[in-house]
Amino acid sequence: MKIGFIGLGNMGGPMAANLVKAGHEVTGFDTVVRPEGVRMAASAADASRDADVVITMLPNGAIVDAVTSEVIPAMTRGAVLCDCSTVEVETARLVAKRAGAAGLLAADAPVSGGIGGAAAGTLTFMVGAEPATFARLEPVLQAMGKRIVHCGNPGAGQAAKICNNMILGVTMIATCEAFALADKLGLSRQSMFDVVSTSSGYSWTMNAYCPAPGIGPQSPADNGYRPGFASELMLKDLTLSQAAAEAADADTPMGALARELYKRFVEDEDGRGKDFSAMLPRFEKRHRSA
Ligand code: NAD
């Protein structure tokens with residue numbers, strides 16, 4: 001297939017490389033980077049002309065809004081516009097509506113799996129699209145991922161992504177504060193892990209991504225909290241989930257508090273650039289009244 005790929009950063013670069021590897025004819029565009037092995041166009045519109053599928057992998061909703069406004073008029077009727085960035089549910093729905101009005105098919109397909117998953121081609125895609133659009137897109141996404149989940153109509157992929165990451169942020173904080181409490185109660189971290197990872201407090205953050213160094217499977221904690229998944233990206237996703245909760249009138253007190261804590265961590269407590277599991281050394285240093 002002819003694929004236009006816009007946004008070739010940490011995630012988009014390796015994703016586009018996997019599409020090339022799978023035999024697709026990829027034309028890329030990025031305002032900054034020029035990765036090797038992908039033919040580059042002079043503009044986003046040029047990368048999109050004649051493409052069967054256009055994929056965007058951009059930093060945020062405002063940029064997706066601007067880039068898709070430029071790309072939609074350049075695309076061929078019947079082609080698929082697929083945004084893989086993590087953005088607001090509302091932005092995903094707006095882009096799909098605009099694309100539909102121009103005779104295009106549209107999907108939101110945010111991912112989980114991080115930079116490692118993008119390079120290995122093992123991402124999970126959460127797709128919001130009409131069933132016929134999903135059927136057209138699925139083989140393309142398979143070249144970049146190992147699990148492609150059709151979540152529903154446009155917007156549903158973003159909804160799944162931000163709900164998942166709201167659970168992830170809340171659970172990471174709960175796991176870290178429990179470790180810090182266990183420390184102060186004189187419980188060894190190994191005992192804490194051995195019990196919780198096999199008891200009702202178990203979770204992905206404890207069992208697969210343990211925030212305590214030297215305990216459980218290898219994780220960013222064993223690597224000086226180098227990301228992994230950076231705290232500022234967690235803050236972005238928690239902010240998106242709070243915007244969605246506000247718009248949908250959903251009561252999400254734990255999500256709101258998790259956002260507040262990651263905001264403080266990133267903006268005032270030196271958390272920027274550290275993995276989101278670095279909440280553990282943060283809690284370690286604190287006292288009840290602080
Ligand atoms: P990144 O900043 O590395 O890449 C974004 C790229 O977009 C950059 O190369 C930038 O130059 C380019 N860009 C910005 N404005 C542009 C424009 N107007 N036209 C063309 N290109 C433009 O970010 P990333 O880590 O690749 O993340 C991309 C998206 O994926 C984000 O929405 C992020 O939330 C999501 N995501 C990231 C991860 C991760 O672990 N990094 C995991 C899951 C989802």
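Q: Which residues in H7 meet which residues in H11?
A: In this predicted model, Met-166, Gly-169, Val-170, Met-172 and Ile-173 of H7 touch Met-254, Gly-255, Ala-258, Leu-261 and Tyr-262 of H11. By class, this contact has eight nonpolar, two polar and no charged residues.

Q: Why are H7 and H11 called roughly perpendicular to each other?
A: Helix H7 covers residues 156-184 and helix H11 covers residues 253-268, and they pack at an angle of about 70°. Angles of 65 to 115 degrees count as roughly perpendicular, and therefore H7 and H11 are given that description. Their axes are 9 Å apart, and H7 passes H11 in a left-handed crossing.

Q: What makes up the contact of H10 with H11, by class?
A: Let's start with the geometry. H10 and H11 pack at an angle of about 145°, with their axes 9 Å apart, and the crossing of these two helices is left-handed. On the H10 side the contact is made by Ser-231, Glu-232, Met-234, Leu-235, Leu-238, Thr-239 and Gln-242. On the H11 side, the residues include Gly-255, Ala-258, Arg-259, Tyr-262 and Lys-263. By class, there are eight nonpolar, four polar and three charged residues. Glu, Lys and Arg count as charged, and Glu-232, Arg-259 and Lys-263 are among the contact residues.

Q: What makes the phi of Asp-249 worth a look?
A: Its value is near 55°, which is positive in a residue other than glycine. Most residues other than glycine have a negative phi. Asp-249 lies in the loop between H10 and H11.

Q: Which residues does a cis peptide bond join?
A: Pro-227 and Gly-228 are joined this way, with omega about 15°. For comparison, most peptide bonds are trans. Gly-228 is found in the loop between helix H9 (204-207) and helix H10 (231-248).

Q: How many residues surround the ligand, and which are the closest?
A: There are 23 residues around the ligand, and the closest are Asn-10, Met-11, Asp-30, Leu-58 and Lys-236.

Q: What is the distance from an oxygen atom of the ligand to a polar backbone atom of Leu-58?
A: The distance is 2.8 Å. For Pro-59, the distance from a polar backbone atom to a ligand oxygen is 3.5 Å.

Definitions and conventions: Residues are numbered from 1 along each chain as its sequence is written. This is a predicted model: local features need pLDDT of at least 70, side-chain atom pairs count only at pLDDT 80 or more; totals for chains, interfaces and linings use all residues. Side-chain values use heavy atoms; hydrogens and water are left out. Axes are lines fitted to C-alpha atoms, for helices over the stretch in contact, and angles run from 0 to 180 degrees between N-to-C directions. Helices (H or I, at least four residues) and strands (E, at least two) are DSSP runs, numbered from the N terminus. Angles under 35 degrees count as roughly parallel, over 145 as roughly antiparallel, 65 to 115 as roughly perpendicular and the rest as oblique. A crossing is left-handed if the near helix is turned anticlockwise from the far one by less than a right angle, and right-handed if clockwise. Contact means heavy atoms within 4.5 Å. A residue is near a molecule or strand if one of its heavy atoms lies within 4 Å of it. A polar contact is a pair of N or O atoms within 3.5 Å; within protein, one must be able to donate a hydrogen and the other to accept it, and residues adjacent in sequence count only if both atoms are side-chain atoms.
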